[in-house]
Amino acid sequence: MNALTIVTLGLILAVVAESRGITGGLGPQQFAGPGEQALVQTNRDAILRKLPSFMSGPFGPLKALVYRKQVVKGTNYFIKVKMMGVQPRFLHVKIYTGLNNRSHIKDVEVRAQYDPIEFF
């Protein structure tokens, strides 16, 4: 095989891998839908318990905005959440959903509105 063929095959594999998502890699950002909103609502109390001590209630509704996911032995959802209220706050919430479809909160960070979703 010549070098051009090898480079072409490499590019094709990279495009296919990016479009399907690679196990262990963080997928592209997408708008949150009803499934991600349900994850946030189901785990609302656990999310509020993981907030830093400087944040105190009452807390308004939580709205899932965008998310990225990581396929592992289950799925890690990295979700940007807007805490509604007089002064809205933004959180990045990491929710693990196992193969048995049970979910739990791995971590919560207070972030700025336009912070990108990254590993944490």
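Reader: Is Glu118 buried, partly exposed or exposed, and why does it count that way?
Author: In this predicted model, Glu118 counts as partly exposed because its relative accessibility is 44%, where buried means under 20% relative accessible area, exposed means over 50%, and partly exposed lies in between, with a 1.4 Å probe and protein chains only.

Reader: Where is the place of Glu118, and what does it touch?
Author: Glu118 sits in the segment after S5, and, leaving out residues up to four places away in sequence, it touches Leu26 and Phe78, a contact being heavy atoms within 4.5 Å. Glu118 and Phe78 are 40 residues apart in sequence, with 7.7 Å from C-alpha to C-alpha in space.

Reader: What should I know about the numbering and the model?
Author: Residues are numbered from 1 along each chain as its sequence is written. The model is predicted, so that local features need pLDDT of at least 70 and side-chain atom pairs count only at pLDDT 80 or more, while totals for chains, interfaces and linings use all residues, and side-chain values use heavy atoms, with hydrogens and water left out.

Reader: Okay, how many helices and strands are there?
Author: The chain has 3 helices and 5 strands, in the order α-β-α-α-β-β-β-β along the sequence; helices (H or I, at least four residues) and strands (E, at least two) are DSSP runs, numbered from the N terminus.

Reader: How do S4 and S5 pair?
Author: Strand S4, residues 89–97, and strand S5, residues 103–111, pair in the antiparallel sense over 8 bridges, and two strands count as paired if DSSP finds at least two bridges between them. Tyr96 stands opposite His104 in S5. The two strands form a hairpin with 5 residues between them, and Asn101 in the turn has a positive phi of about 70 degrees.

Reader: Switching to H2, which of its residues are buried?
Author: In helix H2, residues 34–42, the buried ones are Glu36, Leu39 and Val40. They lie on the same side of H2 because they cover an arc of only 95 degrees around the axis, the arc being that of the directions from the helix axis to the C-beta atoms.

Reader: And which exposed residues are on the face turned away from that buried side?
Author: That face of H2 carries the exposed residues Pro34 and Thr42.

Reader: What do the buried residues of H2 pack against?
Author: They pack against helix H3 (44–49), strand S2 (62–72), strand S3 (74–83), S4 and S5.

Reader: How much of the whole chain is buried?
Author: Of the 120 residues of the chain, 32% count as buried.
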